[in-house]
Amino acid sequence: MLGEDIYAFRSELQKRDALFAYTGFVSEDLLYALGTAVKQQLELKKTEGKVVRRVFSVFVEQVQNVIRYSGEQEWLTEPKTARLSAGVIVLGQDDNRFFVICGNAVTNEEADGLKTRLESISGMDGEALRKHYRTKLREDPDPHSEGATIGLLEIARRVTQPLEYDFLELDENRSFFVLKAYI
Amino acid sequence: MTPNPLYIDETPRSPRVELDPDTGHLALTGESYPEDASAFYGPILQNVASYLATTIDAPLTVDMRFIYFNSSSAKAIMNLFQMLEENAEGGRSVTVNWFYDPDDDLMAEMGEDFAEDFRHASFYLKPDTEVA
């Protein structure tokens with residue numbers, strides 16, 4: 001029973017083209033470990049260096065967004081030095097293209113802000129994204145941001161098809177935000 | 001007063017940082033996606049600022065050799081470059097060398113983007129097979 005159950009669980013992830021999937025608390029240590037796994041698995045598949053660099057970059061920005069902005073966070077120690085942030089991370093491959101999916105809870109207020117930013121980013125071509133990124137690099141950071149806008153721009157610059165995103169309403173205060181990037 | 005030299009060892013997620021006030025040489029080498037980019041780069045920028053404040057017109061050479069940096073690090077690098085450009089505008093001779101793996105088109109493009117911000121400092125793009 002147990003074997004059947006867990007084998008079916010694994011098969012379901014494989015059916016969804018996952019090379020690996022993680023759900024639970026994410027930390028900076030885990031980002032480093034998973035980032036290394038991304039590089040190793042792409043290397044095993046003899047992926048071109050240019051693609052590896054793009055996938056790795058998207059992966060780091062996506063996972064750091066989960067760590068920084070997940071609506072479900074716990075601080076590990078006092079003083080606040082390490083945080084654990086709940087989310088979902090998937091690295092996958094379909095039709096020879098890699099994808100990175102991240103999902104985490106956000107407040108509805110944050111969801112509105114994210115929608116606005118993602119809609120504006122979706123309307124930009126490569127050159128517009130590059131210019132906007134340069135402008136954002138020069139600006140003083142938004143006090144509530146730890147770099148999210150520029151992180152989303154970095155992701156948008158590396159994808160090979162438009163970013164897919166969705167917001168699932170969890171309750172009256174929170175939504176589940178999902179971002180899928182094909183590289 | 002001679003400013004203090006700075007040396008920070010490389011880690012898998014943060015670059016080696018060397019500032020030698022005697023030779024007027026600053027170098028950043030490696031990968032950069034630290035947990036908190038402002039916490040990592042803040043003290044480095046302060047150190048460079050105090051070096052610049054205590055040496056009025058000594059030439060400065062900066063060697064950047066990055067394999068990878070994330071967007072938060074890019075922001076910190078931009079802050080460093082803005083400080084250097086202001087100093088060059090004030091009359092100091094500043095040279096920035098941007099070394100990158102010739103196969104790394106992203107690093108070349110970032111170098112080109114940073115290059116546009118320099119009017120007074122000299123900025124050189126240097127493809128280098130040693131960076132990898």
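The model is predicted; local features need pLDDT of at least 70, side-chain atom pairs count only at pLDDT 80 or more, and totals for chains, interfaces and linings use all residues. Residues are numbered from 1 along each chain as written, chains are lettered from A, and side-chain values use heavy atoms, without hydrogens or water.

**Helix packing**
- Helices are DSSP runs (H or I, at least four residues; strands E, at least two), numbered from the N terminus.
- From α5(A), A:Tyr133, A:Lys136, A:Leu137 and A:Arg138 meet B:Ser71, B:Ala74, B:Lys75, B:Met78 and B:Gln82 of α2(B). Contact means heavy atoms within 4.5 Å.

**A:Arg134**
- A:Arg134 also lies in α5 of chain A.
- A:Arg134 counts as buried because its relative accessibility is 13% (buried is under 20% relative accessible area, 1.4 Å probe, protein chains only).
- A:Arg134 touches B:Asp113, B:Phe114, B:Glu116 and B:Asp117, leaving out residues up to four places away in sequence.
- Its side chain makes a polar contact of 3.0 Å with that of B:Glu116 (N or O atoms within 3.5 Å, one able to donate a hydrogen and the other to accept it).

**Confidence**
- The model scores ipTM 0.93 and pTM 0.93.
- Chain B averages a pLDDT of 94, and 98% of the residues score at least 70. pLDDT is the predictor's confidence in each residue, from 0 to 100.

Conventions:
Buried < 20%, exposed > 50% of the residue type's maximum accessible area, 1.4 Å probe, protein only.
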